[in-house]
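Please look through the sequence and the model shown here before reading on.

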Amino acid sequence: MYDLSTVLDFDALQSVRPGSSILISGPAMSGKERLAYDVLADGARDGDGAVVVTTSDQAKTVVSDFRDLVPELEESQLGVIDCRGEGGTDSGSVDGAYVHQVSSPGDLTGIGIGITKALEGLHNSGRERGRLALVSLSTMLTYTDKKTVFKFCHVLSSRLDSAGYIGVFTIDSSAHDEQTIQVIKQAFDGLIELRDVETGGREARVLGLSGEPTAWKQL
Amino acid sequence: MSESDPPVVLIVEDEPDVAETYKLWLQAEYEVRMAQNGDEGLDLLDETVDVVLLDRMMPGLSGDEVLTRIRERDLGCRVAMVTAVEPDFDILEMGFDAYLSKPIRSEQLHNTVTNLLERSEYDSLLQAYYALVEKQATLEATKSTAELAESEQYDELTKEIQEMREGLSDTLGGIGDDDDFIATLRGLSNGEEN
């Protein structure tokens, strides 16, 4: 089981089953990305493997940001799949992390190959637990339609399930119509919703992981 | 693939002895068609073919060229490329669904064909699942919670989605291995629907 309640204090996040995939949804600047990275970093501190699929930050930035979060990060504990399409299609090591470049956020096969290689590397270094973050599905939705993204999420969740990993995926709820969000949501076991509060600050709630949706809680 | 007819396997192979051996192994379970070269293979290919066993090194049209033409025709069949060397992951990007290294043993051939048929099944289930999910999303986006609670249609849809989700995890047991994972994603990117 994975305990995510140290990152976000909800009982529903205390024991998340291996193989679960969680969608983190919220408007722009609501801290979705940070939350996804925190989930990975928290695991990495305990020795879990970490895989980041990024459509916005370059791999080098991800690796150094991750090192700031987890100073004790070991060699081959982190794999980054950089889908911005600016670094060619090479793969190799960047500051002790495995990095795979994909031609575009719409290249699902390339992303799949990157994830496969990253998982293989982590497995070979003896890590049996791990967490994957994909930031963000919103970018992928601008490269391909919601049907394809839905199927991609489903297939990837299946792959994470057989690896015993958990996955967190971010989506910008203000960038898509309600139907798109409803569709994408269905590919996941659970949903963490973030929202800004008018009086300032931020709230979160958890849906789908255990029992009824939780109440909104100030962060 | 219909319930009653056996799946159709098309063997494209220029060595008659090798082709005949594959046929012997497969003919009890499948309807087998044989082509001696790429052109003949393309002639015999139609929407009834489920799996193509494609030799990569052939005189005339090469296996790679035949594969490109098959994908252009968007038939939705699965292609296993038969090669002399074991390809790396990257070669999966070329667009075949499985590879077999020569020489092939009977069990290996059977496993590959079964696996490819299962994957087609997985794709059509995923397609049907998506159609239901989209319907549900439309209802959820347009109706109030109270209206949804009253709706028999919504209730049935929810049950159907639940069943289909279980069916999906049974087929292929999720995504069996790395090759399945990558080939399934490749199918999605190409918009290759059933």
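This is a predicted model: local features need pLDDT of at least 70, side-chain atom pairs count only at pLDDT 80 or more; totals for chains, interfaces and linings use all residues.

Residues are numbered from 1 along each chain as its sequence is written, chains are lettered from A and ligands numbered from 1 in the order in which they are written, and side-chain values use heavy atoms, with hydrogens and water left out.

Chain B contains eight helices and five strands, where helices (H or I, at least four residues) and strands (E, at least two) are DSSP runs numbered from the N terminus. Read from the N terminus, the order of these elements in chain B is β-α-β-α-β-α-β-α-β-α-α-α-α. Of the 194 residues in chain B, 47% are buried, a class that means under 20% relative accessible area, with exposed meaning over 50% and partly exposed in between (1.4 Å probe, protein chains only). Among the contacts in chain B with a separation of 6 or more, 61% join residues 24 or more positions apart, a contact being heavy atoms within 4.5 Å.

Within chain B, Asp180(B) is found in helix H8 (residues 178-189). Asp180(B) counts as buried because its relative accessibility is 2%. Its side chain makes a polar contact with the side chain of Arg119(B) at 2.6 Å, where a polar contact is a pair of N or O atoms within 3.5 Å; within protein, one must be able to donate a hydrogen and the other to accept it, and residues adjacent in sequence count only if both atoms are side-chain atoms.

How much area do chain A and chain B bury between them? The value is about 2700 Å², 63% of it on carbon and sulfur atoms, buried area being the accessible area (1.4 Å probe) that two parts lose on being put together, summed over both. On the side of chain A, Lys151(A), Val155(A) and Gln186(A) lose the most area to chain B, together 22% of what that side buries. The contact takes 28 residues from chain A and 28 residues from chain B. One salt bridge is counted between the two chains, the term standing for a side-chain nitrogen of Lys or Arg within 4 Å of a carboxyl oxygen of Asp or Glu; Lys146(A) forms a salt bridge with Glu134(B), with the closest N and O atoms 3.4 Å apart. The side of chain A that touches chain B draws two or more residues from each of helix H3 (108-124), helix H5 (146-163) and helix H6 (178-185) of chain A, and H5(A) gives the largest share, 12 residues.

Turning to the backbone, a cis peptide bond with omega about -5 degrees joins Lys102(B) and Pro103(B), and Pro103(B) lies in the loop between strand E5 (98-101) and helix H5 (106-142) of chain B. In chain A, Met29(A) has a phi near 65 degrees, a positive value in a residue other than glycine. Met29(A) counts as exposed because its relative accessibility is 74%.
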